[in-house]
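Here is a short briefing on one protein chain. Please read it with the structure open beside you.

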Amino acid sequence: MISRELNFEGPSPILYLIATPIGNRGEMTPRALEVLSSCDFIAAEDTRNSGQLMAFFHIDKPFISCHEHNEEESSVKIIALLKQGKKVCFMSDAGYPCLSDPGQRLVANCLDNGIKVAVTSGPNAAINALACSGLDSTHFHFEGFLPAKESERIARLNELVTNPDTLIFYESPHRIFKTLLAMSATLGERKAVLARELTKAHEEFIRGTLPELCLLDEASLRGEMVLVVEGAKKTRVSLSDNEIALALKDQLEWGKTPKEAIKAVCQSNDLPKNRVYEIYLANFKRDE
């Protein structure tokens, strides 16, 4: 049974997820500050980091520790406070909670307990890097952090080899070269962009192929990084004229118009429209 209740109306309590700056504190939105100023408690992945951020904005609230290793237990306390009518916000260290950061289990537990969830929009390292990469942004796959274990990392990259979407990864400085070498060996000579220190004074976008990025000076790479990698290129299928005619026949028998049939065959087989149209004229036009 579906139940409906507007997020900011009705009696149900609500958990606020706060997107925080990924480097430049000036990215903290007025709405996020307004919500934080009016809350009773702030749940945080790292209370020290979040405490410094709140001190910068002169916001003084009690903190609740809620990180990867205590999220289930913290959820119980947070849900109890929300049900008592308290206003609670949750923030991870930087960017959006739940996206390669804690928060997913907290959100799921809140929803299971009839508690609504809202988010204050803010910076996102993956989207920032994608927008500036110059690579195709029509469709993309956000992978986040690859597994730390080498065999698992290679296995996961092998699963992504045929994905045609632009791939987005997060990586830390101490693992960046292992990741680049694994990507170069697995994904091949694809275009890639390594974005580091996003929104900070030393923001940098390094562009090249995966093998070229492997030649970078490891000592020059500091800070959290985003890797944006070109997706797998579609390989044009080699079909004979007879095979194309049969594909057109199938589309027409399914009730497609000639225009729709030609378009479908072109798109599904990455074929030039002129060739498919000529085959249509030679095989079906006379039947109309």
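Gly-144 lies in strand β6, where strands (E, at least two residues) and helices (H or I, at least four residues) are DSSP runs, numbered from the N terminus. At 0% relative accessibility, Gly-144 counts as buried; buried means under 20% relative accessible area, exposed over 50%, and partly exposed in between (1.4 Å probe, protein chains only). The structure is a predicted model, in which local features need pLDDT of at least 70 and side-chain atom pairs count only at pLDDT 80 or more, while totals for chains, interfaces and linings use all residues. Residues are numbered from 1 along each chain as its sequence is written, and side-chain values use heavy atoms, with hydrogens and water left out.

**Around Gly-144**

- Leaving aside neighbours within four places in sequence, Gly-144 is in contact with Ser-100, Ile-168, Phe-169 and Tyr-170, where contact means heavy atoms within 4.5 Å.
- Gly-144 and Val-226 are 82 residues apart along the chain, and their C-alpha atoms are separated by 8.6 Å.

**Aromatic pairs**

- Rings of Phe, Tyr and Trp (its six-membered ring) pair if their centres lie within 6.5 Å; planes under 30 degrees apart count as stacked, over 60 as edge-to-face and the rest as tilted.
- By this rule the count comes to six aromatic pairs.
- One of them joins Phe-145 and Tyr-170 edge-to-face, at 5.7 Å centre to centre and with 70° between the planes.
- Phe-145 lies in strand β6 (residues 140–145) and Tyr-170 in strand β7 (residues 166–171), so this pair ties together parts that are 25 residues apart in sequence.
- Phe-145 is partly exposed, with a relative accessible area of 39%, whereas Tyr-170 is buried at 12%.
- Tyr-280 and Phe-284 form a stacked pair, 6.0 Å centre to centre with 20° between the planes.
- Tyr-280 counts as buried at 5% relative accessibility, and Phe-284 counts as buried at 14%.
- Ring pairs also link Phe-142, Phe-145 and Tyr-170 into a cluster.

**Helix α3**

- Helix α3 (residues 71–83) has 13 residues and should span 18 Å at 1.5 Å a residue; its end C-alpha atoms are 18 Å apart, which agrees. The expected span is 1.5 Å times one less than the number of residues.
- Which residues of α3 are buried? They are Glu-71, Ser-74, Ser-75, Ile-78, Ile-79, Leu-81 and Leu-82.
- The arc is that of the directions from the helix axis to the C-beta atoms.
- Glu-73, Val-76 and Lys-83, on the other side of α3, are exposed.
- The buried residues of α3 pack against β1 (14–18), β2, β3 (63–65), β4 (88–91) and α4 (104–112).

**Helix α9**

- Helix α9 (residues 241–253) also has 13 residues. From its first C-alpha to its last it reaches 18 Å, close to the 18 Å expected at 1.5 Å a residue.
- Ile-244, Ala-245 and Leu-248 are buried in α9.
- They cover an arc of only 100° around the axis, which puts them on the same side of α9.
- On the other side of α9, Asn-242 and Glu-253 are exposed.
- The buried residues of α9 pack against α10 and α11 (273–283).
- Just after α9, Gly-255 has a positive phi of about 95°.

**Loop residues**

- Most residues other than glycine have a negative phi.
- His-58, in the loop between α2 and β3, has a positive phi near 60°. His-58 is exposed, with a relative accessible area of 73%.
- Glu-197, in the loop between β8 (191–196) and β9 (204–209), has a positive phi of about 55° although it is not a glycine. Glu-197 is buried, with a relative accessible area of 15%.
- Asp-46 is found in the loop between β2 (41–44) and α2 (47–56), and is buried with a relative accessible area of 15%.
- A polar atom of the Asp-46 side chain lies 3.3 Å from the backbone nitrogen of Asn-49.

**Confidence**

- The mean pLDDT of the protein is 92, and 98% of its residues reach 70 or more; pLDDT is the predictor's confidence in each residue, from 0 to 100.
- Among the elements of the protein, helix α10 (residues 258–269) has the lowest mean pLDDT (84) and β2 the highest (98).

Note on methods. A polar contact is a pair of N or O atoms within 3.5 Å; within protein, one must be able to donate a hydrogen and the other to accept it, and residues adjacent in sequence count only if both atoms are side-chain atoms.
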